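Please work through the following exercises with the sequence and the 3D structure at hand, and try each task before reading its solution.

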Amino acid sequence: MGKKVIKVVLKESIQKLGKSNDLVKVAAGYARNFLIPNRMATVATNGILKQQKFYAAIKEEKLKIARDNAKKIQILLEEIQKFSVTKKTGDGQNIFGSVTEKEVSQIIKNATNIEIEKQNIFLPEIKTIGIYSINIKLLNQVNAKVQLQVLPESN
């Protein structure tokens with residue numbers, strides 16, 4: 001006599017079991033006594049499976065639109081290719097402070113009217129005047145590479 005297994009659709013992500021909206025097979029007792037009473041899952045009926053497919057199609061369509069928009073932004077940023085920022089300098093080539101992701105985000109917004117979250121901008125350590133390569137993550141597989149030119153502030 002083997003274990004009785006039922007299919008359930010997870011309502012939330014559960015470690016070692018699956019992510020939200022995944023269809024998983026679990027032991028009947030685990031589903032009946034823990035997952036369903038705690039509203040972590042529902043029994044997979046035909047109606048719920050149809051609804052899940054419908055939501056997956058909508059999610060895929062939204063992802064496709066977001067990917068297309070990210071590609072457009074990538075092309076626009078890579079056409080511009082170079083952004084400039086002026087900083088106060090001390091002796092020689094060193095600048096006071098450094099250039100932050102927030103500053104780069106503001107420079108890009110002023111130049112292109114595109115808002116990019118500072119968490120998606122990856123800067124090298126910028127302590128001197130020069131040209132630096134910056135990576136901007138627009139979506140999971142869509143990245144843009146631009147140049148940042150740090151210039152001395154004229155007094």
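**Exercise 1.** Determine whether N21 is buried, exposed or partly exposed, and then describe its backbone and its place in the chain.

*Solution.* N21 has a relative accessible area of 47%, and it therefore counts as partly exposed, a class lying between buried (under 20% relative accessible area) and exposed (over 50%), with a 1.4 Å probe and protein chains only. Next, the backbone of N21 shows a positive phi of about 70°, although this residue is not a glycine. Most residues other than glycine have a negative phi. Finally, N21 sits in the loop between β1 and β2, where strands (E, at least two residues) and helices (H or I, at least four) are DSSP runs numbered from the N terminus.

This is a predicted model, in which local features need pLDDT of at least 70 and side-chain atom pairs count only at pLDDT 80 or more, while totals for chains, interfaces and linings use all residues. Residues are numbered from 1 along each chain as its sequence is written, and side-chain values use heavy atoms, leaving out hydrogens and water.

**Exercise 2.** Find which strands pair with β1, and in which sense.

*Solution.* Strands pair if DSSP finds at least two bridges between them. Strand β1 (residues 5-10) pairs with β2 (residues 23-27) in the antiparallel sense over five bridges, and V9 stands opposite L23 in β2. Three bridges join β1 to β3 (residues 41-43), also antiparallel, with V8 opposite V43 in β3.

**Exercise 3.** Locate N113 and state its phi.

*Solution.* N113 lies in the loop between α3 (101-112) and β5 (121-122), and its phi is positive, about 65°, although N113 is not a glycine. With 64% relative accessibility, N113 is exposed.
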